[in-house]
Amino acid sequence: MVTRRSLLKLASLSFLSSYIPTAWAAPEIRRRALVVGIDKYVLAAPPSSEETAAAGHGASAAAVRRDRRFSDLDGAVNDATLMDQLLKDRFGFLPDDIVFLKDEQATRDRILREFQSHLIDAASPNDISLFYYAGHGSQVQNLASDEADQLDETFVPADSYAGAPDIRDKEMARLYRAALRKGVLLTVVLDSCHSGGMSRGVWNASGKTRNLPPDPRAVNDPPDRDPATGKTLPDATSMGMLFLAAAREDQPAGETTVTERGADGSGKETSHGAFTAALALTLESPVANQSVEQICERVQALLASEGRMQVPICGGTGRGSRGLLGQPLGLLNSVTLAAEDVSNTGVVHLRGGSALGLAAGCVLTRISGPPARIELTRVDLGTSEGKMLGGLPAGTVRTGDVIKLETWAAPPGSALK
């Protein structure tokens, strides 16, 4: 059992999206994300032959459903919702710059189209693009592959049940390279089975795995080659893309049960991907000045401590010593929040709480003006309050003052066991 604090209960916290921490990116640099989460793969009623034909996927959909034994997932949409909120709360993404596709919205054509239009076409050189996918992963035979097993790793889109082909790693690699050639700083995070091969739900004791049998329809797609040299085009990770995947290409990616705790202390069990839960726990730390190498090491250690038989994959030339989105280290090294109100007795009410990783005992300092330090005494999910240290008068801190984390105190209890 994984136990998490209230960070994971973020789906309904739209008010937090208006809070954007002091960030490293210059104003002219835009941050865009495409976030995909798919739980629902099995339709209430199979599509008719007319619907399948109209979708352009042929009359083999019934055979595909029979061969693949589709199953729904429990935690993929929760994962995508969590990632959406983390991007806004921890990395300053604007809500309008995040395209969020869940369940039936996440069709094959829509995923590919949004990646091209939102993460590539709309971006300028040096802009940041992030792609996150949580859902089933699978494989398909590629008769023209130069790999020994001739298998392409795939995402399984929501309309696969209606006959849509999987999205193959080679298709995604073409999009990755297009973004990188344009000068976009690209990060890709995948929580699905076989996802370790994507840079180019069966039950178990810990929950469902995000794996479907291979798509029975083979393809004939030879490796992309440079027309001038005839050499195979490079993997996107060698071109500077950061790639984080839940498991090696030969491994399943599991779901786990998470206990979400609200401000009143009540708990509710919710499903999440084990990889995304560990990644979120790592990213929620106020010590945001973490390199990719440190993030990956922490995620791998957390999964290993659970006895997970999945090894996360991290890759990206030149990205290991930088932050998650490619920022130089030292530019996201603190949490900042605003004073909302100061009582006559000197109690400071702040906008920002445990969703930013804060806990009672944290000490904060005012960024500008005369020195003032505050120790947090109560922390809820989106708000907190504290007392001024050093005997300062009540009016020292005013509404609107920007406060920065100085000393972090660990939250009570273990967040992930």
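This is a predicted model: local features need pLDDT of at least 70, side-chain atom pairs count only at pLDDT 80 or more; totals for chains, interfaces and linings use all residues.
Helices here are DSSP runs of H or I with at least four residues, and strands are runs of E with at least two, both numbered from the N terminus. Residues are numbered from 1 along each chain as its sequence is written, and side-chain values use heavy atoms, with hydrogens and water left out.

**Salt bridges**

- A salt bridge is a side-chain nitrogen of Lys or Arg within 4 Å of a carboxyl oxygen of Asp or Glu, and by this rule the count comes to 13.
- In helix α4 (residues 108-121), Arg-110 and Glu-114 sit four residues apart, about one turn of the helix. Their salt bridge has its closest N and O atoms 2.8 Å apart.
- Buried means under 20% relative accessible area, exposed over 50%, and partly exposed in between (1.4 Å probe, protein chains only). Arg-110 is partly exposed at 26%, while Glu-114 is buried at 13%.
- Lys-88 and Asp-84 form a salt bridge at 3.0 Å, N to O. These two are four residues apart in helix α3, so about one helical turn separates them, and both are buried.
- Arg-168 and Asp-152 pair at 2.8 Å, N to O.
- Salt bridges with shared partners link Arg-108, Asp-152, Arg-168, Lys-170 and Glu-171 into one network.

**Helices α4 and α5**

- Helix α4 packs with helix α5 (residues 169-181) at about 10 degrees, with their axes 10 Å apart. Axes are lines fitted to C-alpha atoms, for helices over the stretch in contact, and angles run from 0 to 180 degrees between N-to-C directions.
- The two helices are therefore roughly parallel; angles under 35 degrees count as roughly parallel, over 145 as roughly antiparallel, 65 to 115 as roughly perpendicular and the rest as oblique.
- In contact (heavy atoms within 4.5 Å) are Arg-108, Leu-112, Phe-115, Gln-116 and Ile-120 of α4 with Glu-171, Met-172, Leu-175, Tyr-176, Ala-178 and Ala-179 of α5.
- This contact has eight nonpolar, one polar and two charged residues. Ala, Val, Leu, Ile, Met, Phe, Trp, Tyr, Cys and Pro count as nonpolar, Asp, Glu, Lys and Arg as charged, and the others, Gly among them, as polar.

**Helix α6 and its partners**

- Helix α3 (residues 76-91) and helix α6 (residues 274-283) pack at about 15 degrees with axes 11 Å apart, and are therefore roughly parallel.
- The α3 side of that contact includes Asp-79, Leu-82 and Met-83, and the α6 side includes Thr-276 and Leu-279. By class, its residues are seven nonpolar, one polar and two charged.
- With helix α7 (residues 292-305), α6 makes an angle of about 130 degrees, the axes being 9 Å apart, which means that α6 is oblique to α7.
- Among the residues that meet are Ala-274, Phe-275 and Ala-278 in α6 and Ile-295, Arg-298 and Val-299 in α7. The α6 and α7 contact has 10 nonpolar, one polar and one charged residues.
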